[in-house]
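Hi,

Here is the structure I said I would pass on.

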Amino acid sequence: DEYTLFDPTLHPKCSSCNVMPLCMGGCSKQRLLHHGEPQCGVYKYNLNDRIINYVEKKTLSQTA
């Protein structure tokens, strides 16, 4: 039940995070292993770079 009961909108670390809608509080198993603390994934730290990389690849593939 602990996997499904977590609500990231109620956790201060998640509710103030602009990436939360993508991760929804991270991995449930990792969160349980770390005493209920959300474990932020890679999106929090490199989302801008991933978006830029995606756009660049799309642009290159459309011009080829």
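**What Arg-31 touches**

Leaving aside residues up to four places away in sequence, Arg-31 is in contact with Tyr-3, Phe-6, Gly-25, Gly-26, Gly-36, Glu-37, Pro-38 and Gln-39. Bear in mind that this is a predicted model.

So where does Arg-31 sit? Its place is in helix 4, which covers 28–33. Arg-31 counts as buried because its relative accessibility is 4%, and the cut-off for buried is under 20%. The side chain of Arg-31 also makes a polar contact of 3.1 Å with the side chain of Ser-28.

**Two positive phi angles**

Next, two residues with backbone angles to look at. Met-24 is not a glycine, yet its phi is positive, at about 55°. You'll find Met-24 in the loop between helix 3 (20–23) and helix 4. With 46% relative accessibility, Met-24 counts as partly exposed.

His-35 is another residue other than glycine with a positive phi, in this case near 55°. His-35 lies in the loop between helix 4 and helix 5. His-35 is exposed, because its relative accessible area is 77% and exposed means over 50%.

**A nonpolar patch**

Finally, the surface. Leu-22, Val-42 and Tyr-43 make a nonpolar patch there of about 290 Å². Of these, Val-42 belongs to the loop between helix 4 (28–33) and helix 5 (43–63). Val-42 counts as partly exposed, at 46% relative accessibility.

Cheers

How values were computed
Residues numbered from 1 in each chain as written. Predicted model: local features only at pLDDT ≥ 70, side-chain atom pairs only at ≥ 80, totals over all residues. Heavy atoms only, no water. Patch = residues over 30% accessible without salt bridge, like charges linked within 9 Å, V, L, I, M, F, W, Y side chains within 5 Å. Areas by Shrake-Rupley, 256 points an atom, 1.4 Å probe, with all protein chains shown as cover. Salt bridge = Lys/Arg side-chain N within 4 Å of Asp/Glu carboxyl O. Helix = DSSP H or I, 4+ residues; strand = E, 2+ residues; numbered from the N terminus. Buried < 20%, exposed > 50% of the residue type's maximum accessible area, 1.4 Å probe, protein only. Polar contact = N/O pair within 3.5 Å; in protein donor to acceptor, adjacent residues only side chain to side chain. Contact = heavy atoms within 4.5 Å.
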